[in-house]
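Thanks for coming, everyone. Please take a moment with the sequence and the model before I walk through a few points.

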Amino acid sequence: HLKLPDWACRLEGARLLPGRAAALKDAGRPFTKEAAMAKLCASEAATKCAHQAIQVLGGMGFVTDMPAERYYRDARITEIYEGTSEIQHIVIATNLLKEYASMDVQLPAPPLKHQPKSSSSSSSSSSQDHHHHQV
């Protein structure tokens, strides 16, 4: 029963992502990344949940009369047709990189290497500090 929350989360995500892609398409906005995310999430959720169901059922999970075996086989094929999962990863990554490239983002400068102060500058600054405190 501990697998049920994981299954529910995966399935709910798989149900919600197609709606987001459809809403973007209906609004005339780019939706390629979201459609690929929906396909990837749904196919991976179906495969993962069906695979775990077979594990829970043990040997009975592989019997062809059991729905779990058919669900796993059907789920696994979704990772192959309609664009393999690897292709969906590439589509998502490409679109993320395009989105990032179009942003005007300033990356933080790398940290400066700490350079030790010379002994003459540190003694003069300490004497200035001492003088400042006396005033």
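Helices here are DSSP runs of H or I with at least four residues, and strands are E runs of at least two, numbered from the N terminus. This is a predicted model, in which local features need pLDDT of at least 70 and side-chain atom pairs count only at pLDDT 80 or more, while totals for chains, interfaces and linings use all residues. Residues are numbered from 1 along each chain as its sequence is written, and side-chain values use heavy atoms, with hydrogens and water left out.

On confidence, pLDDT is the predictor's own score for each residue, from 0 to 100, and the protein chain averages 80.

S85 is buried, at 8% relative accessible area, where buried means under 20%, exposed over 50% and partly exposed in between, with a 1.4 Å probe and protein chains only. Leaving aside residues up to four places away in sequence, S85 touches L40, S43, E44 and E79, a contact being heavy atoms within 4.5 Å.

Finally, a salt bridge is a side-chain nitrogen of Lys or Arg within 4 Å of a carboxyl oxygen of Asp or Glu, and the count comes to four. One of them joins D6 and R10 at 3.1 Å, N to O; these two are four residues apart in helix α1, which means about one helical turn between them. Another pairs K33 with E34 at 3.5 Å, N to O, and shared partners join K33, E34 and E99 into one network.
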